[in-house]
Amino acid sequence: MGDSAYSFSLTTFSRTGKLLQIEYALNAVSNGRCSLGIAAKDGVVIATDKKVSSTLIDVDEVQKIQSISPTSGFVYSGLGPDYRVLTRSARKNSAAYERTYGEAQPITQTVKQTASLMQEYTQSGGVRPFGCSVLAAGFDEDGEPKLFQVDPSGAYFGWRATAIGKGFVNAKSFLEKRVTSEILLEDAVHTCLLTLRESFEGEINGKNIEVGVLEKGGGFRILKEEEVNDYLNEAN
Amino acid sequence: MSILAYNGAAMIGMAGDNCVGIAADTRLGAQAQTVACTFQKTFKISDTIFVGLAGLGSDVQTLSQTLKFRKNLYELKEERTMKPKVFSAMLSTLLYEKRFGPYFIEPIVCGLQDGVPFLSGMDLIGAPVFTDDFVVSGTCTANLFGTCESLYKPSQNPDELFETLSQCLLASVDRDALSGWGGVVHIITKEGVRTRELKGRQD
């Protein structure tokens, strides 16, 4: 029995068989800043728009891409504080895995665990679903670079390239035209920036976007402002 | 007397050429009194992993079941087979989780990882050692070290490995009152596992 009369699940089926709270959560994701990722042959790139609502905000203190382990990273669209809960849990889980089995946690497992957590918040009492979708970059058990998306419902998908957040439909059709199974990491970074620029309001630069790169055989790294600018200059 | 030596045990894990073997005695005693001569101390975890559990008989049985359970759960969760190295790490953490109320077991792990022998041994709180020749455990480790150090040769084929393991085990337990009374040898190759029982002296 719950402790209070209100400790029941908010996500109850509507008569049409829908879970409205989950659909609203997906709306929260679609209203968030756009994030996208590409899984290339030799690595994964994830990137996000991190434009802020006021010029007074110190953008150096905004970190949307987070590393989970030395070889994996997350980015999100939607509610930032909710995302923090997910990264915290994924980091802890990932570290515990490595401690137990003596090898890095495959991204497939990190994703499953994150998805389970998100599912739990659609069926528990006294909570609401997470207001964010996550893109996860990492290696699978064979060391192949992989990109995953996890939604508030707890559903997860493996992608060659995808986008979430504001304008994700356009971004995805843009990616569809440019991403092949043969794409290499350098190319993928440029394609990512190009896609981001398409929907970007204003001038894109190293300050208002964030890029994370995972190289095959290497680790996950968030690019510095200058490195992003270098990539942008190469494209011009 | 330590509870680790209450029931008695002798076991060896040894690497060969693309094969690995594990041998153990089958005695269960209550100190000097022999209770059974058919006590299982080596367990098949998968086609390529064997674990030998030397120590307290009750913990041998509990731990063998826990290990099989954890390994099965891992394979269902991850949709892949468990590698010997991962199994060894898992066993080590399992033991250290009980740091202040340990299982009285000193295990050895033998396996083939992509055809290459894997050997590890650990103490009752899971501090591992990894070797590429042989590991021993049980109440007659001193004797086992002696016989293994004299009879071990690198790159033995499965038949030679079986012979070496059998001779090492039988010779060692003859000079230990707490182990012996029959033995068992498993030879793990890429093709499969071959198990043979050893008769041993009954005195």
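Across all chains, the structure holds 18 salt bridges, a salt bridge being a side-chain nitrogen of Lys or Arg within 4 Å of a carboxyl oxygen of Asp or Glu. The model is a predicted one, in which local features need pLDDT of at least 70 and side-chain atom pairs count only at pLDDT 80 or more, while totals for chains, interfaces and linings use all residues. Residues are numbered from 1 along each chain as its sequence is written, chains are lettered from A in the order in which they are written, and side-chain values use heavy atoms, with hydrogens and water left out.

**First stop: a salt bridge within chain A.** Select A:Lys51 and A:Glu201, whose closest N and O atoms are 3.6 Å apart in a salt bridge. This pair links distant parts of the chain, 150 residues apart: A:Lys51 is in the loop between strand 2 (43-49) and strand 3 (66-69) of chain A, and A:Glu201 is in the loop between helix 5 (185-199) and strand 9 (209-215) of chain A. Helices (H or I, at least four residues) and strands (E, at least two) are DSSP runs, numbered from the N terminus.

**Second stop: the interface.** Now show chain A together with chain B, where 10 residues of chain A are in contact with 11 residues of chain B, contact meaning heavy atoms within 4.5 Å. The area buried between the two chains is about 930 Å², with carbon and sulfur atoms giving 45% of it; buried area is the accessible area (1.4 Å probe) that two parts lose on being put together, summed over both. On the chain A side, select A:Thr100, A:Tyr101 and A:Glu103, which lose the most area to chain B and together make up 48% of what that side buries.

Three salt bridges are counted between chain A and chain B. To see one of them, select B:Lys83 and A:Glu103, whose side chains meet with an N to O distance of 3.4 Å. Helix 2 (80-101) and helix 3 (107-120) of chain A are the elements that give two or more residues to the side of chain A that touches chain B, and helix 2 of chain A gives the most, with four residues.

**Last stop: the largest pocket.** Select A:Tyr97, A:Thr100, A:Tyr101, B:Lys77 and B:Glu78, which lie nearest the centre of the largest pocket among its 18 lining residues. The elements giving two or more residues to this lining are helix 2 and helix 3 of chain A, together with helix 1 (57-78) and helix 2 (84-96) of chain B. A pocket, on a 1 Å grid over the protein atoms alone, is an open set of points where a 1.4 Å probe fits, with protein on both sides within 12 Å along at least five of seven lines, and lining residues have an atom within 4 Å of a point.
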